[in-house]
Amino acid sequence: MERIGTLAVIGVGLIGGSLALALKSKRAVDRVIGVGRSQANLDEALRLGVIDDTATVEQAARADVVFVATPVAQMPVIFALLSSRLGPRTVVTDGGSTKQDVIAAARAALGSRFNQFVPAHPIAGTEHTGAAAAFPTLYESRKVVICAGAETHADAVHRVATMWQATGAIIHRMSAVEHDDVFAAVSHLPHLLAFALVDMLAGMPRADQYFNYAASGFRDFTRIAAGSPEMWRDISAANRGALREQLNAYRKRLDDFDRWLARANGEDILAIERVYARASSARRAWQRHIEHGEPMPRLGGGGQEE
């Protein structure tokens, strides 16, 4: 791959910091500069060797590659600050979990330089935040989705793709509309559900007792509720259309369970078991897919219980 001279990371947390560490570990970058709101976090990033120096957004605009790893609601302002000083060969890319809103913001702010922007989304993370949470192997064998359109310079797309490949990531391409629909279902909705459940239980009179007896099932289901409230607030708002569609579909499934449990006759209990069996089979197939590379069986197009 073409070695990156200077990488600017705007938002030096888990996602941006892990990219920096991964590229450093592969000797794929000469220098990393960091931009952020918290001086304490930037100092920590310097101490840990995540970045080599700090900068302003305007200074970062002259880097070879600018990676915007902030919450998506902050990106319009960042793009606007980058636009007036963007280098002619600088490539701007992002790590946002929504794409239609980010692309619209970049188009509005960058104007004629929009062709230097490569919208992307690394599908990796943990519930931890900040520079101290970053680690160099986060992206190994993980997917990175690139949602660049025909307007984007092919060379810019190539540079971003090879950058991510250097971290061990696997590149996928899809449209922004498809991306936002897919991740509303498999990422944004699960986070909303986890946050909602923990908040519901925490507000109940017997909350202490509930949490005292919660074990591994609760831990696994709610782990993601420990994530950044600011980041997930922005994602939920930015992708609210697709997220509401998935939320409404989930609500209908919950209504099915409520009806079956209310009647609790033999057929209703069997309906619950059939849903559990299909879900268990799909979950196990997915586990084999991610762990062993087995192809996913064809799912969907039926199986809804009445």
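Me: How many bridges join β4 to strand β5 (residues 91-94)?

Reply: Two strands pair if DSSP finds at least two bridges between them; here four bridges join β4 to β5, and the strands run parallel. V66 has V92 as its bridge partner in β5. From β4 the chain crosses through helix α4 (residues 75-83) to β5 in a right-handed β-α-β crossover (clockwise from the first strand over the helix to the second, with the strands pointing away from the viewer). Helices (H or I, at least four residues) and strands (E, at least two) are DSSP runs numbered from the N terminus. This is a predicted model, with local features needing pLDDT of at least 70, side-chain atom pairs pLDDT 80 or more, and totals for chains, interfaces and linings using all residues. Residues are numbered from 1 along each chain, and side-chain values use heavy atoms, without hydrogens or water.

Me: Which strand is joined to β4 by residues 4-10?

Reply: Strand β1, parallel to β4 and joined to it by four bridges. I10 is partnered with V68 of β4.

Me: Are the faces of β4 (residues 65-68) buried or exposed?

Reply: Buried means under 20% relative accessible area, exposed over 50%, partly exposed in between (1.4 Å probe, protein chains only). V65 and F67 on one side, and V66 and V68 on the other, are all buried.

Me: How many salt bridges does the structure hold?

Reply: It holds 15, each a side-chain nitrogen of Lys or Arg within 4 Å of a carboxyl oxygen of Asp or Glu. D94 pairs with K99 at 2.9 Å between the closest N and O atoms. D94 counts as buried because its relative accessibility is 0%, and K99 is buried at 0% too.
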